[in-house]
Amino acid sequence: MTHLADSPPLKAPRPEIARDWTRTLWTAFIWIALALLLIWSWGPAEMSRWTYLFTDADNMASYAAGFANPNFSEWRYYLAEMGVTIQIALWGTFLAAVLAIPFGVLSARNMAPWYIVQPVRRLMDIFRSIHELVFAVLFVVAVGLGPFAGVMALFIHTTGILAKLFSEAVEAVDPRPVEAIRSTGATRLQEVVFGVIPQVMPLWVSYALYRFESNVRAATVLGVIGAGGIGQVLFESIRGFYYGEAAAMLIIMLVTVSLIDLLSQQLRKLFL
Amino acid sequence: MGAISIRNLSKTFGKKLALDNVSLDIGSGEMVALIGASGSGKSTLIRHICGLETAQYGGGAIDIMGSQIQGGGRLAHGARRLRRDVGVVFQQFNLVGRLSVLSNVLLGNLGRISLWRGTFGLFTGEEKRAAREALARVGIPEVGWQRASTLSGGQQQRAAIARTLVQKSRILLADEPIASLDPSSARRVMEVLATVNRENGITCVVSLHQVEYARRYCPRTIALRDGRIVFDGPSAELTNAMLVELYGDGSEELVLPDIEAPKKTPSRPVRPVLKPAGVFAA
């Protein structure tokens, strides 16, 4: 019969915990490797020029001062162009979301056999890994300067991203309701429509809205290479040293993107 | 013609033998309990009968009302068509939580209506009326427009049974339908199953964890242990002493401590089928 007081838990010598040397060495190796990589990249990245940030700070200040007096005299025009940018993002995201549904389901391992999943995933990798700007240049050549080239560029790139996100959502669904639907004699497509899509809908909507926000920003950049919208106007005015006008456009873009952020947050709540 | 006929069914998961040469026949209109401890193969057997799982290569055959649903480890060609005659009720109810209860029940139609009408969810007024009637039959007529996830466990299970009624299945397989329910919901669900069996002549196979429910609701019991049938006969013959003989110490798991004293009600209480709204609601 042992009493609690008899047992010596507090005074007992602590058992020596052996140091896990492999783990320690690995940790050290990773830190050293990171340090070597940083040193190796110092020269090519011209990091030695960091001193200019301080010695030539005046240049930056005088350049920034140009933006200090935003010129809103043409605000109607800027708003219209901002609208075009949003419209480009809207169509690009919409087309991508629609196409990402079949591609997303077909690249989910629990929905399709590997000989479909793997090719579809590789295709989506290609869509995703090539930047919108590259696609935009391609489409400017094909369909000419203007917003449509921007729509197509966003469409292709966003399809790759959304298909991957959608397929991850599909892979996380609860398989049990899907089985119950299969047991009614439903087809595979019907299993997806009634068993999978209701489960993933909130996530899908949330992802699509988030990509829409990102695409509004991306669409302004696409304007730089001639794909229409406010980006094109902004880039032209910066190149022409019209900093006041450029500042006005930047402010309009900032406000718009924030508003879209707020709006899509509210929309997402509706779908949860 | 029997409802379910199983010949030499075997299934291994990895190295574990889940079903070991199981053969049995279940006649049309029977109400059969499948009992056994956890891991004895009850769920596996049920999942094989409805074709959600296939036996190992050369691992036997299953006929549903005279047509093969699987044989030799492969689903038969017409398995999808046969599935609509076999309604399945699961332990976790398996409703689509974000759809309304009525939509969930309507999904029972998918195997019977045209492909495009099913895929786009275009159900006729007649089908919707039938779905509401099915909900009334299982005693939850008032919850049709609620999301399925907002229902209590007992209500969800009854909605799942309503789905099999809409499916017009001739066979109802229930895989531990009451294992996740409190005792009073469990009784209600068993009553509904018994009523459906008695009044619609639907063959019911119910896997149960506790032998009391088998004795009370099912005339015939099949007992499994380690994937083999160790008893197949009238439930009344399955005494506690016999359970100890069959399962040894494991039999404790199968017998409830006597809380609800089933001896006081020797015959099944006959409840009216159509209840006014709210009486059944948990």
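Because the model is predicted, local features are reported only where pLDDT is at least 70 and side-chain atom pairs only at pLDDT 80 or more, whereas totals for chains, interfaces and linings use all residues. Residues are numbered from 1 along each chain as its sequence is written, and chains are lettered from A, with ligands numbered from 1, in the order in which they are written. The pLDDT is the predictor's confidence in each residue, on a scale from 0 to 100. For chain A the average pLDDT is 89, and 94% of the residues score at least 70. Within chain A, confidence is lowest in helix 3 (residues 57-65), with a mean of 85, and highest in helix 5 (residues 114-129), with 95. Where pLDDT is low, the predicted coordinates should not be read in detail.

Chain B contains nine helices and eleven strands, where helices (H or I, at least four residues) and strands (E, at least two) are DSSP runs numbered from the N terminus. Strands are said to pair if DSSP finds at least two bridges between them. One open sheet of chain B has five strands in the order 2-1-4-5-6, and its pairing is antiparallel. Its edges are strand 2 and strand 6 (74-75) of chain B, each of which pairs on one side only. Strand 1 (residues 4-13) and strand 2 (residues 16-26) of chain B are joined in the antiparallel sense over seven bridges, and Ser5(B) has Asp25(B) in strand 2 as its bridge partner. These two strands of chain B form a hairpin with two residues between them, and in its turn Gly14(B) has a positive phi of about 65 degrees. Strand 1 of chain B also runs antiparallel to strand 4 (residues 61-64) of chain B, to which four bridges join it, with Ile4(B) opposite Ile64(B).

Strand 9 (residues 203-208) of chain B runs parallel to strand 3 (residues 31-35) of chain B, with five bridges between them. Across this pairing, Met31(B) stands opposite Cys204(B), and Val32(B) has Val205(B) as its bridge partner. Five bridges also join strand 9 of chain B to strand 8 (residues 171-175) of chain B, again in parallel, and there Leu173(B) stands opposite Val205(B).

A residue is counted as buried if 20 or more other C-beta atoms lie within 10 Å of its own, as exposed if 12 or fewer do, and as partly exposed in between, with C-beta atoms placed from the backbone. By this criterion, 48% of the 282 residues of chain B are buried. Strand 9 of chain B is largely enclosed by the rest of the structure, because six of its six residues are buried. Thr203(B), Val205(B) and Ser207(B) point one way from this strand, and Cys204(B), Val206(B) and Leu208(B) point the other way. In a regular strand the side chains alternate between the two faces of the sheet. Helix 1 (residues 42-49) of chain B is likewise largely enclosed, because seven of its eight residues are buried, among them Lys42(B), Arg47(B) and His48(B). Gly51(B), which follows helix 1 of chain B, has a positive phi near 75 degrees.

A nonpolar core is a set of buried Ala, Val, Leu, Ile, Met, Phe, Trp, Tyr and Cys residues joined through C-beta atoms within 7 Å. The largest such core has 139 residues, and those with the most contacts inside it include Ala153(A), Leu34(B) and Leu173(B). Helix 9 of chain A gives the most to this core, with 13 residues.

Residues are in contact if their C-beta atoms, placed from the backbone, lie within 7 Å. Between the chains, the contact takes 19 residues from chain A and 22 residues from chain B. Helix 9 of chain A gives the most to the side of chain A that touches chain B, with eight residues.

Technical notes:
Contact = placed C-beta atoms within 7 Å.
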